[in-house]
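Have a look at the picture, then read the points in order.

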Amino acid sequence: LGLRFVLFNYVTNEYGISDTYAGKLLGIKGMVDVIFGLVGSILVDLIGVRKVSIVALTVAIIGRSLLAFGRTNTTLIAALLFFSPCGEAMLSMGLYRVALKKLTTPLTRPLAFAVSYAASNLS
């Protein structure tokens, strides 16, 4: 979550692209994030929370690595428009809410959601 606040400055400073191009690129990334978030919610229903979590985390690590160590515009675009949205959007809070519902009993579910919301609000 913290990366999105510094991503604009990082992209313009490290990759030397213009503010306008960075804004367009990050705007497209936002739309792709929404699409991958919807795909992730469908995949959770089809193949389960655990499998989606493992795949999404693996892809997110690749995306963050490309952002950190890649130095070409090709790696930047691959990271921002495929790997990052695919991994990070699918790991969004919706996945955790579904996991809480599926992995708790009716008796423990209210406490699990309360702790989750409290931790989310604190961060």
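**Notes on the fold**

1. Let's start with the overall count: the protein has 6 helices and 0 strands. Going along the sequence, the pattern reads α-α-α-α-α-α. Keep in mind that this is a predicted model.

2. On to overall dimensions. Taken along the principal axes, the C-alpha atoms fill a box of roughly 55 × 30 × 25 Å. The protein has 123 residues, and 33% of them count as buried. If you take contacts between residues at least 6 apart in sequence, 65% of these join residues at least 24 apart.

3. How do H2 and H3 sit relative to each other? The axes of helix H2 (residues 19-47) and helix H3 (residues 49-69) come within 7 Å, crossing at roughly 135°. Angles over 145 degrees would count as roughly antiparallel and 65 to 115 as roughly perpendicular, so this pair is oblique.

4. Which residues make that meeting? From H2 come Gly-40, Leu-43, Val-44 and Ile-47, and they meet Val-49, Lys-51 and Val-52 of H3. Sorted by class, the contact has 5 nonpolar residues, 1 polar and 1 charged.

5. Two other residues of H2 are worth a look. Lys-29 sits in helix H2 and counts as buried because its relative accessibility is 9%, where the cut-off is under 20%. Leu-38 lies in helix H2 too, but Leu-38 is exposed, with a relative accessible area of 53%.

6. What is Lys-29 in contact with, leaving aside its neighbours within four places in sequence? The partners are Leu-7, Leu-80, Leu-81, Ser-84 and Pro-85. As for Leu-38, its C-alpha atom is separated by 9.6 Å from that of Gly-94, although the two are 56 residues apart along the chain.

7. Now for helix H4 (residues 73-90), which has 18 residues. At 1.5 Å a residue, H4 should span 26 Å, and the end C-alpha atoms are 24 Å apart, which agrees. H4 does have a kink of about 45° at Ser-84, shortly before the proline Pro-85.

8. Which residues of H4 are buried? They are Leu-76, Ala-79, Leu-80, Ser-84, Pro-85, Cys-86, Gly-87, Ala-89 and Met-90. An α-helix has 3.6 residues a turn, so residues three or four places apart point the same way.

Note on methods. Residues are numbered from 1 along each chain as its sequence is written. This is a predicted model: local features need pLDDT of at least 70, side-chain atom pairs count only at pLDDT 80 or more; totals for chains, interfaces and linings use all residues. Side-chain values use heavy atoms; hydrogens and water are left out. Helices (H or I, at least four residues) and strands (E, at least two) are DSSP runs, numbered from the N terminus. The expected span of a helix is 1.5 Å times one less than its number of residues. The bend at a residue is the angle between axes fitted to the seven residues ending there and the seven starting there. Buried means under 20% relative accessible area, exposed over 50%, partly exposed in between (1.4 Å probe, protein chains only). Axes are lines fitted to C-alpha atoms, for helices over the stretch in contact, and angles run from 0 to 180 degrees between N-to-C directions. Angles under 35 degrees count as roughly parallel, over 145 as roughly antiparallel, 65 to 115 as roughly perpendicular and the rest as oblique. Contact means heavy atoms within 4.5 Å. Ala, Val, Leu, Ile, Met, Phe, Trp, Tyr, Cys and Pro count as nonpolar, Asp, Glu, Lys and Arg as charged, and the others, Gly among them, as polar.
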